[in-house]
Every structure is written in structure tokens, then in C-alpha cells.
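Subject: Structure for you to look at

Hello,

Here is the structure I said I would pass on. Please open it first and then read the notes below it.

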Amino acid sequence: MRAPNPLRLLEGRYPLNDRPGGLSGLGAVLPAVDLTEEFTQEEIDVIQQASHDAGGIVVFPDQTKLTPAHHVAFARQLGEIEPHAVAAGIDGYPEVLEIVREADAKVVFGEDWHSDNSFMQQTCSFSILRGTGVMPRRGSNDTLFSSTEAAYAALSPHMQNFLGTLTAYHSANKAYGAGSAGNSFAAMQNTAHGQNAMRMRVEAPILDTDYAHPVVTVHPDTGRRSLFVSPTFTKHIHGMSAEESTALLSFIYSWIAKPQFSQRVSWSKHQVTMWDNRSLSHKGIADILDERRIVHRVSIRGHAPFGVEGWQRCA
Ligand SMILES: O=C(O)CCC(=O)C(=O)O
Ligand SMILES: [Fe+2]
């Protein structure tokens, strides 16, 4: 029996990227964590706190022994798993979304900014993305993150107050529905050849329902405020004309995309990256398409996002 010492998980922790002029605090690497272990609640708390301290991005390198079963088991320790509502999981593990990008991919899953599952009523807290043994060379096809908390904090108090009064509709149909380009249901099935393509669920009732969420959300653990809209899933701002909504949303999208709020996460084989969708927006960069890339995602169900009015800290 090892002595209980949750802080052992932080041994050797280092910042993801101490870029001069950038958000040096965004992202931490935890080399001492082996995700095949079963953790105590205290240890899970330490990992979550490390994520909060790093603005929501934690990287676990060299998880060479991690199987889909371990991936699911670790995710379960963080909360209830939310299988993707439109795309089907892999055989034997419906909770695991396999994202295959062929070397000549025409369609890239998650290519534009978004927060995972913002189209659901209970959105996603953490996503845990595992790089498999099939990954392109380091520095290509990275995942780009933006701190929507830093983006909110940098707005003027007038704009912060105004946005805090608004709600916006999020829609799975916008991204995956029949009429949409790029990421659509049909197009996503072309992410890879034949049996490697993403498989869609036979039934996806989420395509028929949009949900309204606050434009400014409050993180239940940290109390930090965030901008919670995205070009992938947000349709329009409640109570505004189309012209007003489009103009305001495009301002927020370009604000969130500013480099000073961002962090680029490069991949190695068997690397796991966990991020907090309540603090960040992200996108898959497809810059050098000459090697295959296979990643597995498991996402944790969060809660219906809290707005600035009347939010409560979760117990
Ligand atoms: O492939 C990537 O880098 C990110 C894709 C994505 O948006 C996701 O896994 O949630
Ligand atoms: Fe995503």
C-alpha cells in the first residue's frame, strides 16, 4: 500500500509554455500522473485544482499503458460521462468518441472555436482527449485554446455588465444538421475513409432542440467569469434582431480569438490533454495534413451554465 499523499501527483509540474508576453499561466504539464491508477477523491481534487490553477488545461504526457477502459475509468472519477449526442462511440466503449483525421482529410472535426457540448442543456465540464499511437509529428495539427476567462476579464466594465444581461441560443443542428456546411452530419462521416469515418447515432434528438445559456457564465468551483458563445454552436442572442446579434457575436468571437488569450497545445503519441470547457474555447488546427491522426475523447457532464445573476457554488 502506498502512503496517501495526493500532492505526489504534482511532482515535477511545469507550465505548458512560458511564452514571453503570452498567458504564461495557461496550461500545466503533470508528468507524475499515471492515468491507469485509481485515484482517491483527494487525488481527484488535486488534479482538478491543478486544472483550475492552470486556467483549465492539464497535460499528462506518456500515458503509454492507457487503454480505452482506463480512459473511461479515469473520466468516471471526475463525474458522469456524456457520450457524444450526435456521433457514435467506438465498439465496446460507447463513451469514447474516436476522431480520425486522414492525411488528406477534407473535413476536420472541431475545426472552429467552441466549448464542447455547449449545445446541450447540461454542458461539458472537462473533456479528456487521448492521443493514440497514431499521431502526426509534434507541432503539427495542434489544439488551440483560448481562455474565455481572460477574454472576459480584459473587456471594459461597461461591456462586461452589458454582456452579463444576455442569453444566447446554442444549437447542435447549426453544427451537425443537414443544412450546415463543413462540420455537418454528412460531412463528418467523410472525416476518414470507409470504416474509419465517424459514425453517427441513428437517433439524435438533440438536433431538434436549441438551448439558451448565459453569454457570461460563472465557473461553479472558482467563481471566475467567462464568455460562453462560439461560432460553432451559437445561433443568436435572445431578444436581439438578427443584425444586432450577428454584429455583437462577431465582435465576441474575434475578441476570444485574440492571441494574447490563447495557448497552443502540441501533441505527442500517448499524450492526454484535459481541459475545462467552462474556462476555455478550443479548436483543432489542421495545418499540415500529411499524416493520420487518431484521438479519443471522453467528456464529462457538467451542469446548466450559471449566469452572473444568482449563481451558486456547487457543493
Ligand atoms: O482534434 C482536436 O485537436 C480537437 C478536436 C475537438 O474539438 C475535441 O476533441 O473536442
Ligand atoms: Fe471540441
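The residues of the shell around ligand 1 divide into four nonpolar, five polar and two charged. Here Ala, Val, Leu, Ile, Met, Phe, Trp, Tyr, Cys and Pro count as nonpolar, Asp, Glu, Lys and Arg as charged, and the others, Gly among them, as polar. The model is predicted: local features need pLDDT of at least 70 and side-chain atom pairs count only at pLDDT 80 or more, while totals for chains, interfaces and linings use all residues. Residues are numbered from 1 along each chain as its sequence is written, and chains are lettered from A and ligands numbered from 1 in the order in which they are written.

The ligand

Which residues surround ligand 1? They are Ile99, Phe109, Gly110, Asp116, Ser127, Leu129, Thr143, His282, Gly284, Val295 and Arg297. A residue is put in this shell if its C-beta atom, placed from the backbone, lies within 6 Å of the ligand. At least two residues of the shell come from each of β5 (124-131), β14 (280-284) and β15 (293-301).

The loop between β14 and β15 holds isoleucine 285. This residue is partly exposed, because 16 other C-beta atoms lie within 10 Å; the label buried needs 20 or more, exposed means 12 or fewer, and partly exposed is in between, with C-beta atoms placed from the backbone. Not counting residues up to four places away in sequence, isoleucine 285 touches Asn141, Asp142, Thr143 and Leu144; contact means C-beta atoms, placed from the backbone, within 7 Å. Isoleucine 285 and threonine 143 are 142 residues apart in sequence, yet 5.7 Å apart in space, C-alpha to C-alpha.

The chain and its cores

The chain has seven helices and 15 strands. These are DSSP runs numbered from the N terminus, H or I of at least four residues for helices and E of at least two for strands. Of the 315 residues in the chain, 42% are buried.

In soluble globular proteins, nonpolar side chains tend to be buried together. The largest nonpolar core in this chain has 48 residues, and those with the most contacts inside it are Ile57, Val58, Val59, Phe60, Ile128, Ala172 and Val272. Elements that each supply at least two residues of this core include α1 (41-53), β3 (57-60), α2 (68-78) and β15. A second, separate core of 17 residues includes Ala150, Ala151, Ile237 and Leu249. A core is a set of buried Ala, Val, Leu, Ile, Met, Phe, Trp, Tyr and Cys residues joined through C-beta atoms within 7 Å.

In α2 the buried residues are His71, Phe74 and Ala75. They are on the same side of α2, because they cover an arc of only 100° around the axis, taken from the directions from the helix axis to the C-beta atoms. Their cover includes β5 and β15.

Most residues other than glycine have a negative phi. Asparagine 141 is not a glycine but has a positive phi of about 55°. Is asparagine 141 buried or exposed? It counts as buried, because it has 24 C-beta neighbours inside 10 Å. Its place is the loop between β5 and β6 (143-147).

Histidine 270, also not a glycine, has a positive phi of about 65°. It sits in the loop between β12 (262-265) and β13. Histidine 270 is partly exposed, with 17 other C-beta atoms within 10 Å.

Regards

Note on methods: Two residues are in contact if their C-beta atoms, placed from the backbone, lie within 7 Å.
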